[in-house]
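Student: Could we go through this model together? I would like to start with the helix packing and then look at some individual residues.

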Amino acid sequence: EEGPRGAMAEAGALLTEEPAPQAVPASQLPMKAAEVALNTGPHSSCGLATAGFRTAKYLPREWHEHNHARAQEASVDCDQAERCRLEARGLARCTAATAQSAQQESTAALGQRLQDIHFWKAELQKEIEQLIAETGLLAAQKGRLERALDATEVPYAIATDNLQCRERRQHPDLVRDQVEIELLKEAELIRNIQELLKRTLMQAGNQMRLNRDHKEVCEMDWSDKVETYNVDDKCGRYSNQSTNIQFHPGSVKFEESASTPETWAKFSHDNICRAEREKLASINLRALIDNILHDVSEDLRTQCAAVNEAFAKRCEELEDAKHKLEYHLKNTLKEIGDQEANIAALKQAIKDKEAPMKVAQTRLYDRSFRPNVELCRDPAQFRLISEVEELTESVESLKKKLLESEQSLRNLEDTRMNLEKEIAVKTNSIFIDRQKCMAHRTRYPVVLKLAGYQ
């Protein structure tokens, strides 16, 4: 048992508390009716002088019994009071220890809860920061995709312009050559790349939206954790000496919508898992975008090189054909000059046969006037006739050869015109391919620009 000082302190503490309200309302008790024995009998006085002293009198025995009863009652009440005090003192100590232990356990539970909340809050914060960083990196990749898509406009314009320029080639150079095949392949490749980049841009935009959505979910969860941490931290700091504590009778109940520790932890765990899954998807998408941009730039530059090589080869073929045509034109012009001289010589040869023909025919004409028997078919006559025939055959041969030479000259002139036209066609084709197309292709973007870095 505690000493008198402890008992007095406890009594004092108890006295300072307000008395508990009475459960039963006070009511007016009925007065106790005392039955008084009448003074009758042999020792009683029935005189008029004692009339006022006889009423309501107790006997001595009754008086002693009454005192004894009161003493017994007081003794029993004191014993009961002492026993009640001892029990009350023990109960007070027990309840005080129980209350202190319960409060310590509650404080420890709140402390453990704070650690759990802090753990998940830190995990959520880390996931939020990682999602923010990942979304930033994906946004940078999306920017690269947009720049790469913009960079494909120049190659596509170059390819279509080359095709349109080469439509102005003249026959027979308007041919579906290797250059045109490579240009069509380049235009188709650029269109396919543009479609791929657009689809990848949409995919990147959707992934960024998913990243932001899951970041917002984690932020909401993190915000709730911060608010809950502050609430539990404030609750953990409450003590019996706190001035801002009060009774809340209706708070001792479980909310129907309240979660369990398992569902509470699973909620944050699922949020983090979903965010982590989207983060991994974003990382994979960034790697895919890297590969796509690398492959796209390489494919475009490879196809560009193939087109340039085809152009160079085609220009060499055109130059070679032009040189050959120019060589043939030179020979044709020389032959035309020679043929013109030949025709002039043939005409002169025909003209030169006129005088011998006149001489021979005049001789024959004059000899036809020989008289009588002198008109003889002598050797001279036969020779003159043979001379005329020979001269006639020679003139006919020369005229035939002159016709052939004139036809050959006309053929040479036609060939010259065709060669000059072909040379002009080749010159035009070379101008289109080299001066127009190949010069335009020098504006083709570099690999870094096609990869979206510039």
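Student: At what angle do H4 and H5 pack, and how far apart are their axes?

Tutor: Please keep in mind that this is a predicted model. In it, H4 and H5 pack at an angle of about 165°, and their axes are 9 Å apart. An angle over 145 degrees counts as roughly antiparallel, so H4 is roughly antiparallel to H5.

Student: Is that crossing left-handed or right-handed?

Tutor: The crossing of H4 and H5 is left-handed.

Student: And how do H2 and H4 cross?

Tutor: The axes of H2 and H4 cross at roughly 160° and come within 8 Å. H2 is therefore roughly antiparallel to H4. H2 also passes H4 in a left-handed crossing.

Student: What about H5 and H6, parallel or antiparallel?

Tutor: Their axes cross at roughly 15° and come within 4 Å, so H5 is roughly parallel to H6. On the H5 side the contact is made by Ile 350, Lys 351 and Asp 352, and on the H6 side by Glu 354, Ala 355 and Pro 356.

Student: Stepping back, what is the secondary structure of the chain as a whole?

Tutor: The protein chain has eight helices and zero strands. Of its 454 residues, 27% are buried. Among contacts between residues at least 6 apart in sequence, 88% join residues at least 24 apart.

Student: Which residues touch the most other members of the largest nonpolar core?

Tutor: That core has 21 residues, and those touching the most other members are Leu 145, Leu 197, Ile 289, Leu 293, Leu 300 and Tyr 444. Helix H2 (60–151), helix H4 (178–237) and helix H5 (261–352) each supply at least two residues of the core. H5 gives the most, with seven residues.

Student: Why would such residues be grouped inside?

Tutor: In soluble globular proteins, nonpolar side chains tend to be buried together.

Student: What is Leu 145 in contact with?

Tutor: Apart from its neighbours within four places in sequence, Leu 145 is in contact with Leu 197, Thr 200, Leu 201, Ala 204, Ile 289 and Leu 293.

Student: And Leu 300, is it buried or exposed?

Tutor: Leu 300 is found in helix H5 and counts as buried, because its relative accessibility is 0%, and buried means under 20%. Neighbours within four places in sequence aside, Leu 300 is in contact with Thr 152, Leu 189, Ile 190, Ile 193, Tyr 444 and Leu 450. From C-alpha to C-alpha, Leu 300 is 8.5 Å from Val 447, although the two are 147 residues apart in sequence.

Student: Which residues is Asp 177 in contact with?

Tutor: Leaving aside neighbours within four places in sequence, Asp 177 is in contact with Arg 166, Arg 169 and Arg 314.

Student: Which peptide bond is cis, with omega near 5°?

Tutor: The bond from His 171 to Pro 172 is cis, with omega near 5°. Pro 172 is in the loop between H3 and H4, and Asp 177 lies in that loop as well.

Student: Last topic: which residues does UniProt list for "coiled-coil region"?

Tutor: The unreviewed UniProt entry lists residues 315–349 and 388–429 under that name. In the model, residues 315–349 are 100% helix and 0% strand, and the end C-alpha atoms of that stretch are 50 Å apart.

How values were computed
Residues are numbered from 1 along each chain as its sequence is written. This is a predicted model: local features need pLDDT of at least 70, side-chain atom pairs count only at pLDDT 80 or more; totals for chains, interfaces and linings use all residues. Side-chain values use heavy atoms; hydrogens and water are left out. A nonpolar core is a set of buried Ala, Val, Leu, Ile, Met, Phe, Trp, Tyr and Cys residues joined through side-chain atoms within 4.5 Å. Buried means under 20% relative accessible area, exposed over 50%, partly exposed in between (1.4 Å probe, protein chains only). Contact means heavy atoms within 4.5 Å. UniProt positions are given in the numbering used here, feature names are shortened, and annotations may be inferred rather than shown by experiment. Axes are lines fitted to C-alpha atoms, for helices over the stretch in contact, and angles run from 0 to 180 degrees between N-to-C directions. Angles under 35 degrees count as roughly parallel, over 145 as roughly antiparallel, 65 to 115 as roughly perpendicular and the rest as oblique. A crossing is left-handed if the near helix is turned anticlockwise from the far one by less than a right angle, and right-handed if clockwise.
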